[in-house]
Structure formats: C-alpha cells, structure tokens
Amino acid sequence: MGQEEDLEVYRSQRLESMSERPNYSARGLVDPIQVYVNERRVGELKGAETEATLSVHGVDHIETVQLRTEDGQLLGGLVAPESGFRTNRVQLLADTVELCVQNTMQGGSLSAVFIPAPSFWSRTRTILVDFADRWMVRRPEAAVAYGMRTVAFTQALLAVAVVGLVADRVMIWITPEHAVAPTVQAEALRTASIAEIEQLAKQLGELRSMQTKVGEALQSQEKGMTLLHQTMARLSSTQESVASSVVMVKEEMEKRQEGPEHEADRPTQIPPGRGVVDQEQFEVAIHGLAADNDRLSKQIAGLEEHNRTLTAKLQMALTHVAKAVEQNSERVVAREAEMARKPQLLPVADSRQSTQAQPFLFWVTFSEGTSQESIDQWVNGMKGHKGVQNEGWQEVQILPPPVPPDLFLEQIRGEKIIKEARLNH
Amino acid sequence: MADRTATVSRLEEVVATSDEFDRVVAQALPVLLDRAAGYTKRFLRETGQWNDDIEHEKFALRWGSEYLERFLVCGRTEVPCRPLFLFDSLVAKQHSKPEPFCYHPDLLKPLGRFLDGLVARAVVSRDALIALYHHSYGWGAGDVITVTGLNGLESQRIYKNFRRWRESGWQRTMDEMGLTKTELTELEDQRQRHRQRFNSEAERLIRVAQGHYRKSEPDHYPCLSRSQWGEMFSQGYGCDYRIWHLALCVDCMQAAWGLGSGGSSAGEKPRLELQVRP
C-alpha cells in the first residue's frame with residue numbers, strides 16, 4: 001500500500017468515525033459519566049437510576065465542559081461564555097444531564113446534574129395523578145354537586161338503616177324463640193312472663209323506630225332527587241335561553257347587514273297615515289337635486305376632457321421614453337403594444353373617479369336643544385351644505401367621504417350633536 | 001471544486017438552531033477536517049516542527065479530527081453562529097495554548113504513535129487509563145486492584161474497564177492513531193526479538209507522553225513522596241488520585257510500589273514491560 005493511499009484510508013476512517021452517531025447505550029445503565037472542565041477531568045456523575053449532582057468551583061475561568069463515557073466517547077458539552085451564565089441539556093437516550101456554567105471575575109463554577117429517565121412505576125403514578133387531576137377538574141357545578149352530596153348522604157343513611165334492620169333480623173333468627181311456629185307463639189305469649197313480654201315490646205318499639213328512620217331516609221332521598229331534578233331543569237332552561245340569545249344575536253347581525261336595503265325599502269312600507277307629507281318641501285328638494293345634478297354633470301364632463309388630454313400626453317411621453325431606452329426593436333414594439341392596451345384601462349379609472357366625484361347625501365337628526373348655529377357650524381365643518389328637512393330629519397350633502405358609507409355614518413353618530421344618522425330618509 | 005466552494009459558502013452563513021447546525025456541519029465534514037488539518041500543518045511549519053512525510057500528515061489529520069469532534073459537540077451550543085468562523089476560532093484557541101499537542105519526532109514513529117495514542121486516550125477514557133497498567137507493566141485486573149489498593153466496589157469497575165478495552169477500546173485507539181495491522185505486527189516482533197531495547201525505548205517515550213498528558217489531570221493531583229503515598233494508602237482516601245496518577249507516572253508507580261498490598265507483596269520495583277495487544 002502506497003503512502004498516499006495509506007493516508008487517504010486514514011482520512012476516510014477519521015471521517016467515518018465522526019459521521020457515526022454516538023452509541024450512548026455503550027454507557028450502560030450504571031457507568032458514571034466523566035466530567036471534564038477545560039479538558040481536565042474534574043469528577044464524575046454516578047447516576048444510575050437516581051439523580052446525581054457534581055459541583056465544581058475554581059479560580060480559573062471555565063472555557064469548555066465535556067461529558068464523556070468511560071470509554072472516552074464524547075457525549076456532549078458546551079463552550080462557556082467569558083462572563084455570565086450558560087446552560088445546556090445533554091440528552092442521553094432517556095436520561096438527561098443539565099449543565100450550568102457561570103464565569104465571574106472571581107473564577108468559574110460548574111453545576112452538572114444527572115436526571116435519570118423516570119421508571120415504569122413513576123410513569124404509571126404520573127399517569128394516574130394526571131387522570132385524577134383531570135377528573136377533579138371536570139367535577140359537576142356547585143348546584144349539581146350539592147344534589148349529589150345530598151343523594152350520597154341519604155344513600156349512606158339508608159344503607160346504615162338497612163344494615164341495622166338486617167342485623168336485628170339475624171339476631172332474631174339466631175335466637176331459639178325464632179324457631180317456634182306462629183301457632184305456638186301465641187301460646188308462648190300467654191305463658192310467657194311479664195318480663196319477656198316487656199322485652200318483646202321493647203324490640204317492637206325499636207323495630208318501629210327503625211322503620212320510621214327508613215321512611216325518613218327515603219323521604220330525604222326523594223327530596224334530594226327532586227332538588228336534583230330542579231337543578232337539571234334550571235340548567236336546561238338556562239341552556240335554552242343562552243341558545244335563543246345566540247339565535248337572536250345572529251338574527252340581529254343579519255338584520256344589520258341587510259340594513260341599508262331595508263332602509264331603501266322603508267318609504268314604501270310607511271303607512272300613508274303615518275305623517276303628512278309636505279308637498280312644497282319635496283318640490284324644493286327635487287329642484288335642489290336637479291340643480292346639483294346639472295352642476296355635477298358639467299364637472300364630470302370637464303374632468304373627462306381633462307383626463308383625455310392627460311392620457312394623450314402620457315402616451316406620448318411613454319413612447320418617447322421607450323424609444324430612448326429600448327435598443328431592441330422588438331421590445332419597443334412590445335412596449336407600444338402595452339401602451340396601446342393602457343387607454344383601455346384608463347376609462348375604467350375615469351369612471352371610478354367620476355362616481356367618486358358625486359356628492360354624498362345623508363340624513364341626520366340632532367340632539368334636543370342643539371342650536372341652529374351649532375348645526376350650521378357642524379355642516380360647515382363637514383364642508384357640506386344642508387338640503388331639505390323632513391319630519392325632523394335634515395338632509396346633508398358633502399363630498400364623498402374617504403371611508404365606506406356605513407363606517408362614515410358610525411363616525412357621525414359618535415358626534416355629540418348628532419342623535420341619529422341614515423343614508424335615506 | 002464547485003461543491004466545495006458551495007459548502008464553504010453555506011458554512012459562512014448564519015445557522016439559527018442546533019439542528020440546523022448539525023445538518024450543515026454533517027454535510028461539510030471533509031471540508032472542515034481538511035481545514036483543521038491545514039491549520040495544524042501551518043502551526044507545525046511555523047514552529048519548525050514540520051516534515052513532508054506521511055507521519056506528519058497523519059499527525060495533522062489526527063489533531064484536525066480531534067478539533068472537529070469537539071466542534072461537533074460544543075459548537076451546537078453556540079447557535080446562532082457562523083459555523084466556519086466558529087470552527088476557525090476554536091482551532092485558533094487551541095493553537096494559542098502553550099503546548100496544544102504532544103509533539104516529539106520519535107512519537108511520530110510506530111512505537112511513539114502507539115504510546116502517544118495509549119496515553120492520550122487514557123486522559124479521556126477510564127478504560128484506557130486502567131488498560132495503561134496492562135500495557136505498561138503487563139498486569140491484569142487483579143494486579144491493578146492490589147497495586148492501587150482499591151475496595152470491592154471499585155474493583156468491579158476495573159474488571160469492566162478491562163473487558164470494554166479488550167472488546168472495542170484498544171482497536172478504536174489504534175484506528176485513531178492510524179496504526180496499521182502491519183505496523184502492529186512489526187511492533188510485536190520487535191518486542192519479542194529485542195525485548196530489553198524495545199522496553200527501554202518505550203520507557204523513554206512513555207515518559208515524554210506522560211509528562212505532557214499528566215497536565216490534563218486535576219491540579220490537585222501532583223507527584224507525591226513515598227511517605228505521602230503511604231499515608232494515602234493506609235488511610236484509604238484518594239482512590240481517584242491513586243488510579244489516575246499512578247497510571248500516568250512511572251516514577252510515582254515505583255515510589256508507591258507495594259503500598260496497596262500493605263507491603264506484603266513488595267518485591268522488585270516494577271519495570272516497563274510494554275504490551276502491544278490488550
């Protein structure tokens with residue numbers, strides 16, 4: 001083997017060993033982890049299934065920390081900062097080593113903590129505790145819990161009573177008297193002494209009291225069940241009311257969304273007897289609108305003429321620029337084609353501008369006690385002018401607002417002197 | 001060549017997470033290894049320690065891979081970073097130390113490389129450290145336990161260290177040092193044919209290596225006199241001290257000879273009897 005080849009083999013071997021993932025299982029479960037600070041061994045973490053800690057303090061600054069197996073395999077580590085803290089968690093299969101390094105003016109310190117993987121029983125206990133916690137969180141509401149407690153208490157009382165009765169019966173069966181037939185029992189009663197009769201009477205009394213207790217327990221259980229039913233009924237009615245509220249809110253929202261359309265339909269829905277229409281006011285309003293329309297038509301025509309002039313100038317300018325910049329004739333042609341397309345787009349913009357130039361009309365009512373001066377001042381502030389009045393509603397004309405109409409009306413409603421604002425009367 | 005340039009460019013970019021660091025660096029291992037070897041070569045040239053031969057090339061590659069291994073583990077904690085610049089700074093930091101590596105012309109020959117590899121590995125591997133007793137004096141696990149005066153619990157670990165060394169540690173160390181089967185066979189032959197000369201040469205070289213690598217021990221593990229060793233052995237403390245220092249110091253081993261067995265088996269002081277195989 002030549003030297004070059006030998007060297008190449010060695011290089012490949014080195015690269016291969018670094019490409020392989022570290023085999024942590026080689027550490028086994030009980031072998032300590034060697035801890036190195038500044039490439040000097042300072043101790044080991046003897047952690048098998050228990051937590052282990054190693055603390056190192058020195059006058060020298062800590063530069064590097066390394067964790068190695070007993071066979072020298074580098075498991076992990078960190079490069080410490082010149083000053084301050086740095087932490088790192090080195091994961092070794094299921095186990096973990098937490099490193100914390102601090103460098104100060106006085107020196108460096110290292111804390112290494114080996115945290116073993118939780119055992120099977122530990123994991124089982126954790127799962128059970130989690131389950132119990134979740135169950136506790138899902139406990140019923142207070143009212144239901146009260147009912148449940150009542151029922152549980154009643155059942156416990158009933159169980160005690162039943163056990164008492166059973167015990168009493170068993171005692172009676174065990175006694176020799178119980179074996180005697182009923183026909184014989186009467187004879188026996190006749191022949192029995194007064195003391196025995198008294199004892200029997202006492203037992204009967206006890207039995208009666210026990211029966212009374214059982215009856216009371218049953219009654220209290222019934223009461224508990226009634227209470228539970230009532231609570232459930234209340235809960236279900238609350239649920240229904242919440243559901244109906246949700247439906248109402250949805251309907252209200254839908255109504256609001258459809259608001260403008262309904263408002264437009266409203267004049268047709270107003271019954272004729274609702275108010276007297278002032279004919280003169282309508283006529284004045286119609287005249288005012290017609291005059292405004294004429295004025296706006298003239299303005300639109302002027303703007304369109306101006307736009308045409310500007311478009312022609314722009315086209316000429318773009319053609320000049322394209323010719324000056326583009327050396328390639330094909331690109332010039334393409335640009336000219338693009339120029340030719342642009343006039344098709346411009347009218348769209350023009351029409352948008354023309355619709356925006358139309359005045360914006362809306363109706364407002366003012367708060368009670370608002371003076372005419374305040375109203376005029378407000379209208380002037382809006383750079384608009386007042387239109388007709390109808391049933392306490394004032395028509396106002398302004399330049400188109402920069403925000404959507406609904407939002408604009410919301411803004412208007414927020415003003416102090418405005419009581420209500422609408423798009424249509 | 002274009003791939004190499006692209007890889008270097010990628011290494012110059014910022015990596016934000018540890019996973020990204022692993023991914024980028026894993027794709028650039030050959031580039032980084034050659035870079036580190038190049039830096040080591042330049043350092044040796046500048047310090048007048050370079051020769052154009054395969055031994056020096058292997059030496060540069062060995063230390064390059066050593067730096068790269070540390071970079072792979074520690075660099076991922078430095079994110080966000082530019083991996084190439086971080087790697088350069090790590091190598092520069094190593095080369096700015098007084099004696100960054102153990103260099104001696106005789107340690108580049110097969111016997112020197114063998115000893116250098118054993119002692120260098122002993123610094124980072126307890127398996128290699130314990131095995132050093134075997135390779136230096138021919139002792140088994142029981143002998144090591146007796147000589148160092150260990151208790152029962154520590155004894156179990158010694159057996160385990162020996163087993164792991166035989167199974168994988170020795171071969172890995174030989175691979176790291178670039179010792180071929182032919183070279184190892186030649187060493188074995190020399191040991192058998194010229195035993196005394198071989199061992200005296202080995203003792204001379206192992207002292208050089210031990211002197212350098214003992215600096216890797218904790219500061220509180222200096223050489224001791226026989227009486228001090230005696231006190232430590234008799235009172236039963238300094239278990240780690242005994243294991244680590246005696247393996248890495250021929251003189252202290254001779255000074256402390258017999259103290260582990262209470263002086264009962266103290267015969268002739270141990271001499272170096274180099275073992276090539278585990």
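A cavity is a set of grid points where a 1.4 Å probe fits but cannot get out, and its lining residues have an atom within 4 Å of a point.

**Entry 1: the cavity**

I note before anything else that this is a predicted model. I searched the whole structure for cavities of 30 Å³ or more and found 1. The largest cavity holds about 70 Å³ of space.

I then listed its lining. From chain A comes A:Tyr10, and from chain B come B:Glu55, B:Lys58, B:Phe59, B:Arg62, B:Cys102, B:His104, B:Leu107, B:Leu108, B:Arg113, B:Asp116 and B:Met177. Sorted by class, the lining has 6 nonpolar, 5 charged and 1 polar residues.

Which element gives the most to this lining? I find α4(B), with 4 residues. Two helices of chain B, α4 (54–74) and α6 (110–124), each supply at least two lining residues.

**Entry 2: a sheet in chain A, and the helix across it**

In chain A, 4 strands form an open sheet in the order β2-β1-β4-β5, with antiparallel pairing. The edges are β2 (40–45) and β5 (74–79) of chain A; each has a single partner strand, so one side of each is left without a neighbour in the sheet. From one strand to the next, the twist averages 20 degrees.

Strand β1 (residues 33–37) and strand β4 (residues 64–68) of chain A run antiparallel and are joined by 4 bridges. A:Val37 has A:Val65 in β4(A) as its bridge partner.

**Entry 3: another sheet in chain A**

I recorded another open sheet of 4 strands in chain A, with the order β3-β8-β7-β6 and antiparallel pairing. Which strands stand at the edges? They are β3 (52–58) and β6 (84–92) of chain A, and one side of each is left without a neighbour in the sheet because each has a single partner strand. Neighbouring strands here are turned by 10 degrees against each other on average, direction ignored.

I went through the pairs in sheet order.

- β3(A) pairs with strand β8 (residues 107–115) of chain A over 7 bridges, in the antiparallel sense. A:Leu54 stands opposite A:Ala112 in β8(A).
- β7(A) and β8(A) pair in the antiparallel sense over 9 bridges. A:Asn103 stands opposite A:Gly108 in β8(A), and a hairpin through 2 residues joins β7(A) to β8(A).
- β6(A) and strand β7 (residues 95–104) of chain A run antiparallel and are joined by 9 bridges. The bridge partner of A:Gln91 in β7(A) is A:Thr96.

I looked at the turn between β6(A) and β7(A) as well. This hairpin has 2 residues between the strands, and A:Leu93 takes a positive phi near 55 degrees there.

**Entry 4: aromatic pairs**

I counted ring pairs with centres within 6.5 Å. Over all chains the count comes to 18 aromatic pairs. I picked out A:Phe366 and A:Trp378, whose ring centres are 5.9 Å apart. How do their planes stand to each other? The planes are at 80 degrees, so the pair is edge-to-face. A:Phe366 lies in strand β9 (residues 360–366) of chain A and A:Trp378 in helix α9 (residues 372–381) of chain A, so the pair ties together parts that are 12 residues apart in sequence.

Key:
Residues are numbered from 1 along each chain as its sequence is written. Chains are lettered from A and ligands numbered from 1 in the order in which they are written. This is a predicted model: local features need pLDDT of at least 70, side-chain atom pairs count only at pLDDT 80 or more; totals for chains, interfaces and linings use all residues. Side-chain values use heavy atoms; hydrogens and water are left out. On a 1 Å grid over the protein atoms alone, a cavity is a set of points where a 1.4 Å probe fits but cannot get out, and a pocket is an open set with protein on both sides within 12 Å along at least five of seven lines; lining residues have an atom within 4 Å of a point. Grid points are joined across faces, edges and corners, and a volume is the space filled by probe spheres set on the points. Ala, Val, Leu, Ile, Met, Phe, Trp, Tyr, Cys and Pro count as nonpolar, Asp, Glu, Lys and Arg as charged, and the others, Gly among them, as polar. Two strands pair if DSSP finds at least two bridges between them. Axes are lines fitted to C-alpha atoms, for helices over the stretch in contact, and angles run from 0 to 180 degrees between N-to-C directions. Rings of Phe, Tyr and Trp (its six-membered ring) pair if their centres lie within 6.5 Å; planes under 30 degrees apart count as stacked, over 60 as edge-to-face and the rest as tilted.
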